[in-house]
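Let us read a structure together, one feature at a time. Keep the view open as we go.

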Amino acid sequence: MKFTHTQEMSINRNPAQMEAVRWMERFPDVFGPRSTREEVLAELKTDETLFTLFDKLSWELKEEFVSFCMGVRGMRITYDPMFKFVFDPELKPERLEEFLSLCLKETVRILQVIPNESKRLTEESSLLVMDILVRLASGALVNVEIQRVGYLFPGARCACYSSDLIMRQYSQVRENKRQSGQRFSYQDIKRVYTIVLIQQSPSEFHRFPDQYLHYSRQTFNTGLELDLLQEYLLIPLDIFRKNHHNISSKLDVWLMFIASDQPRDIREVIETYPEFQELYREVFHFRYHKKELVSMFSEVLRILDANTTQYMIEVQQAQIEALQEENRRHKEEIERLQELLAQKE
């Protein structure tokens, strides 16, 4: 297998990145000692099964894998397996609590981790599989979604996920009340939050190039105030990175940690908030557990392939609908012309 040196060449041409890599070498307890590409590949080839799995990765994922194992690049926390590893609400609830508190602008405490797969409410309903779903001490439900490709998580999908949270609560509360012999009340239903972090945001977000925190809740045009319980926060990470060259808040540092695998950004995160050394230490520990790392990247590839397939289906469906609409218009025009000809005769 032949490799190009795109990542290394890019770093070598960027003095700031090279300086950041040299800075990382001063913290071997966090990032580990630097390795060469040849050393990484030689280690992979000592295990035939491991190398076979590695060889099945896409070219881009192979490059990311090797650069990470060399110690010249970080890890994309936007990859689903790594995101769930870092923010595991059962093992490290304080991380997700702090991140949610900053996002929601109020102190929150996680009371319960909820299985991420919903039950079927009807025979026709589909299962919604959520990334991270927790119940707060206030009773509110929070779903945190990580999306590398924004067009796969449109507004309609946000609404479905939010509605699913409401229905989960409704079913659970009614059952709890029934078992305890109490009367159900809709006032027992608590607020639900849907938070979506998007690595590559679609065009709608780029109409607001200076905004990266999009909060939403349902309101009435008359000023009528009713709490409809559903709230949203959409965070386009690509727009965040374009607008933030310097970290100015704790939320900024979390978003930079999640959004970037570049050495210069890693350095800025740690120099601004040294406590993030521990998170990077955990992430870079995977350099020495390549079997687990390959499994993670294989899962990333599976998810990317599934997303690509879904996107192609959606594009083809849109094309079919557009052609059907065009045929309908042509048919109507032909019928109109035929009527005109009949009137002249």
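Q: Where is threonine 78 found?
A: Threonine 78 sits in the loop between helix H6 (59–70) and helix H7 (80–86). Helices (H or I, at least four residues) and strands (E, at least two) are DSSP runs, numbered from the N terminus. This is a predicted model: local features need pLDDT of at least 70, side-chain atom pairs count only at pLDDT 80 or more, and totals for chains, interfaces and linings use all residues. Residues are numbered from 1 along each chain as its sequence is written, and side-chain values use heavy atoms, with hydrogens and water left out.

Q: Is threonine 78 buried or exposed?
A: Buried means under 20% relative accessible area, exposed over 50%, and partly exposed in between (1.4 Å probe, protein chains only). Threonine 78 has a relative accessible area of 2%, so it is buried.

Q: Which residues is threonine 78 in contact with?
A: Contact means heavy atoms within 4.5 Å. Leaving aside neighbours within four places in sequence, threonine 78 is in contact with Ile146, Arg148, Gln199, Leu237 and Ile258.

Q: How many residues does the largest nonpolar core have?
A: In soluble globular proteins, nonpolar side chains tend to be buried together. A nonpolar core is a set of buried Ala, Val, Leu, Ile, Met, Phe, Trp, Tyr and Cys residues joined through side-chain atoms within 4.5 Å. Here the largest one has 92 residues. Leu197, Phe257, Ile258 and Tyr280 have the most contacts inside it. Helix H11 (residues 250–259) gives the most to this core, with 8 residues.

Q: What does phenylalanine 257 touch?
A: Not counting residues up to four places away in sequence, phenylalanine 257 touches Ile77, Val86, Val269, Phe276, Leu279, Tyr280 and Val283.

Q: Where is valine 192, and what does it touch?
A: Valine 192 is in strand S4 (residues 192–200). With 0% relative accessibility, valine 192 counts as buried. Residues up to four places away aside, it touches Leu141, Ser162, Leu165, Ile166, Gln169, Leu229, Gln230 and Glu231. Take glutamate 231: it is 39 residues from valine 192 in sequence, yet 6.3 Å from it in space, C-alpha to C-alpha.

Q: Is leucine 226 buried, partly exposed or exposed?
A: Leucine 226 has a relative accessible area of 48%, so it is partly exposed. Its place is the loop between strand S5 (214–217) and strand S6 (230–236).

Q: Where does valine 66 lie?
A: Valine 66 lies in helix H6. Its relative accessibility is 0%, so valine 66 counts as buried.
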